[in-house]
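Let's take a walk through this structure together. Have the sequence and the 3D view ready.

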Amino acid sequence: MVFGIMGAMPEEVDQLCARLSGVTVEDYGGVRYHKGALAGRPVVVCCAGMGKANAAAATQVLITRYGAGQIIFSGIAGNMTDKVGIGDVVIGKTVFYHDAQLDMISQNPPYLTEYTGDPALIAAAEAACTEAGVHYITGRIATGDLFIGDSASKAAIAAKCAPDCVEMEGAAVSQIAAKNGVPCVILRAMSDNADEDGYEVLVVRDFSIAEYVATATRIVAGMIERL
């Protein structure tokens with residue numbers, strides 16, 4: 001079983017790539033894929049790039065070219081709930097688009113308007129978060145091709161679909177995985193509160209992506225050990 005592990009930004013996968021043994025690297029379709037072993041299991045790790053199109057393309061490549069039989073996406077997101085805080089994790093039980101015409105998208109395989117995280121992958125993520133001492137919830141993740149950084153947009157998304165967090169890749173990864181019959185899970189750490197302070201928190205320094213990535217690397221490695 002090959003595990004496909006994804007992030008949207010280089011920082012989200014660099015530490016994980018550094019843990020791999022027997023690494024080979026291939027550039028394909030504008031994305032660099034790192035093949036190796038993690039906890040003795042074959043994995044392929046990539047930075048897909050931001051947004052739905054990049055995420056979907058890299059997911060299909062992981063499955064078709066590299067034979068990924070399970071997909072794990074780990075990254076950051078904007079918090080939409082009071083159930084978690086900055087640095088806490090949302091594991092995607094349900095993942096969906098907040099900016100799409102769902103009745104049209106669902107006319108084609110996999111014929112879904114929302115996507116469900118694989119139960120075994122979710123259980124492994126929950127156990128790995130607990131072991132790492134990370135507060136998490138298993139909940140709802142909304143995806144769209146916009147950085148949400150103002151209260152009006154945040155309120156509109158909350159009224160439309162009430163997610164626990166908002167990000168830019170998860171539903172696209174989940175859709176392509178489901179289309180191929182491949183189990184998938186989306187993990188998101190809260191970097192900001194999806195409001196006017198989001199840029200300040202994410203870019204200026206209040207949230208340390210390096211600190212989260214170190215934790216995320218432990219979480220993903222812990223998942224692989226359990227699967």
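Are Tyr33 and Tyr66 buried or exposed? Both Tyr33 and Tyr66 are buried, where buried means under 20% relative accessible area, exposed means over 50%, and partly exposed is in between (1.4 Å probe, protein chains only). Before going on, note that this is a predicted model, in which local features need pLDDT of at least 70 and side-chain atom pairs count only at pLDDT 80 or more, while totals for chains, interfaces and linings use all residues. Residues are numbered from 1 along each chain as its sequence is written, and side-chain values use heavy atoms, with hydrogens and water left out.

Now for the rings. The structure holds 2 aromatic pairs; rings of Phe, Tyr and Trp (its six-membered ring) pair if their centres lie within 6.5 Å, with planes under 30 degrees apart counted as stacked, over 60 as edge-to-face and the rest as tilted. Tyr33 and Tyr66 make a tilted pair, 4.9 Å centre to centre with 35° between the planes. Tyr33 sits in strand 3 and Tyr66 in the loop between helix 2 and strand 5, so this pair ties together parts that are 33 residues apart in sequence. Helices (H or I, at least four residues) and strands (E, at least two) are DSSP runs, numbered from the N terminus. The other pair is Tyr97 with Tyr115, edge-to-face at 6.3 Å centre to centre and 85° between the planes. Tyr97 belongs to strand 6 and Tyr115 to strand 7, 18 residues apart, and both of these tyrosines are buried.

Next, look at the charges. A search of the whole structure finds 8 salt bridges, each a side-chain nitrogen of Lys or Arg within 4 Å of a carboxyl oxygen of Asp or Glu. One of them joins Lys52 and Asp145, with the closest N and O atoms 3.8 Å apart. Lys52 lies in helix 2 and Asp145 in the loop between strand 8 and helix 5, so the bridge ties together parts that are 93 residues apart in sequence. Lys52 is buried, at 17% relative accessible area, whereas Asp145 is partly exposed at 38%. Lys52, Asp99 and Asp145 are linked in a network of salt bridges.

Another bridge pairs Asp164 with Lys83, the closest N and O atoms being 3.0 Å apart. Asp164 is buried, with a relative accessible area of 6%, while Lys83 is partly exposed at 46%.
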